[in-house]
Amino acid sequence: MKPQESIEAYLGRRAAEVNQWLESLVPSEMTPPQNLHRAMRYSLLAGGKRLRPVLVLMAGEALGADTDDLMPSACAMEMIHTYSLIHDDLPAMDNDDLRRGLPTCHKAFGEAVAILAGDALLTRAFEVLASEAPAGDLDRQIRVIKEVSAAAGTVDALIGGQTADIENEGRQVSDSTLDYIHRSKTGAMIRASVTIGGIIAGANSDQIDTLRSYGEKIGLAFQVADDILDVTSTSEQLGKTPGKDMAARKATYPALHGIARSEVRAQQLVDEAVAIISTLGPGAHKLEEMARFIIARRS
Ligand code: GRG
């Protein structure tokens, strides 16, 4: 019998496929303006776990979509995620020197180019989404674009969550504000990744609701785990500077509840996610493993 592939090996294999597609979807370093394209590729192809694109693949494939129909949207999610990391690292935001084990984009290319590289990745992501209808289905394509633009936007979404995060630095926040920040800043893009996989696969509305609820739980679990790692890991493990949250007096789960309670909360969220997604049947087994991986990861 073939030994079962571990989730780590699976993620590594899928990340390599995503990387090949990403390579081909952004302009080469030879295309003018060369320095901008170099900066975009530097941050995008620097590594990273590729969790968001792999979630698109897992959710879509669980419901029967072809990998080739999922990949452009999967890569668009990674481009938007990378733009948000480049901008988050800027001096006006988190002011970080290290990302994905390398000097941050603005350290390597200067602030102006880093801002533009982030803008360009965001713009290119939507160009990719608009370029081809997955499985030739225009309705699904429009729904994907709507879902992704909402997740990257301001209402309960990436930019809104980042704004609340910055505005609350140094303040004692309530549980509900902390949940709002986490759900928006990190959760929205993770939830959208799972949801668009379902849309591309032609999932029915019950299946989409299931994927969305699962995405909501793992998105929150991911951020609680990220907050714990920020306290407990080294920069070698993380590829970014640890301890930044506490130094900036950021609103985090461990700051509010301590490590032990944060771990319990993360585990609860994962258990809920697994229970929700198991209703989709054996095809969703990889999504169950992914939920568990999200809090077991060390980087
Ligand atoms: C600038 C609009 C704007 C938003 C920034 C992504 C983000 C919002 C801030 C990053 C700060 C941060 C540490 C957020 C916590 C969760 C998170 C997004 C971690 C990084 O994602 P991973 O672990 O990173 O998936 P890799 O490098 O593996 O892709």
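**Ligand contacts, helix packing and buried residues**

Guide: In this predicted model, an oxygen atom of the ligand is 2.8 Å from an N or O atom in the side chain of Arg52.

Visitor: Which residues come nearest to the ligand?

Guide: There are 19 residues around the ligand, and Lys49, Arg52, His81, Arg100 and Gln223 come nearest.

Visitor: And how far is a polar side-chain atom of Lys49 from an oxygen atom of the ligand? What about Arg100?

Guide: For Lys49, the distance from a polar side-chain atom to a ligand oxygen atom is 2.6 Å. For Arg100, a polar side-chain atom lies 2.7 Å from an oxygen atom of the ligand.

Visitor: Changing topic: at what angle do the axes of α7 and α9 cross?

Guide: The axes of helix α7 (residues 138-151) and helix α9 (residues 175-201) cross at roughly 175° and come within 9 Å. Angles over 145 degrees count as roughly antiparallel, and α7 and α9 are therefore roughly antiparallel to each other.

Visitor: Which residues meet there?

Guide: From α7, the residues are Arg140, Arg143, Val144, Glu147, Val148 and Ala151. They meet Ala188, Met189, Ala192, Thr195, Ile196, Ile199, Ile200 and Ala201 in α9.

Visitor: How many of those are nonpolar, polar or charged?

Guide: The residues of this contact between α7 and α9 divide into ten nonpolar, one polar and three charged.

Visitor: On to α2. Which of its residues are buried?

Guide: In helix α2 (residues 34-44), the buried residues are Leu36, His37, Ala39, Met40, Arg41, Ser43 and Leu44.

Visitor: What covers them?

Guide: The cover over the buried residues of α2 includes α1 (7-25), α4 (67-89), α5 (105-109) and α6 (111-131).

Visitor: Where is Ala74, and is that residue buried or exposed?

Guide: Ala74 is in helix α4. Its relative accessibility is 0%, so Ala74 counts as buried. Not counting residues up to four places away in sequence, Ala74 touches Pro53, Val56 and Leu57.

Visitor: How far apart are Ala74 and Ala260?

Guide: They are 186 residues apart in sequence, and 34 Å apart in space from C-alpha to C-alpha.

Visitor: Last one: where does Asp94 lie?

Guide: Asp94 lies in the loop between α4 and β1 (98-99).

Visitor: Why does Asp94 count as buried?

Guide: Asp94 counts as buried because its relative accessibility is 18%, and buried means under 20%.

Visitor: Which residues is Asp94 in contact with?

Guide: Leaving aside neighbours within four places in sequence, Asp94 is in contact with Asp88, Asp89, Glu169, Lys244 and Lys250.

How values were computed: Residues numbered from 1 in each chain as written. Predicted model: local features only at pLDDT ≥ 70, side-chain atom pairs only at ≥ 80, totals over all residues. Heavy atoms only, no water. Axes fitted to C-alpha atoms, helices over the stretch in contact; angles between N-to-C directions. Helix = DSSP H or I, 4+ residues; strand = E, 2+ residues; numbered from the N terminus. Parallel < 35°, antiparallel > 145°, perpendicular 65-115°, else oblique. Contact = heavy atoms within 4.5 Å. Nonpolar A, V, L, I, M, F, W, Y, C, P; charged D, E, K, R; others polar. Buried < 20%, exposed > 50% of the residue type's maximum accessible area, 1.4 Å probe, protein only. Near = heavy atom within 4 Å. Polar contact = N/O pair within 3.5 Å; in protein donor to acceptor, adjacent residues only side chain to side chain.
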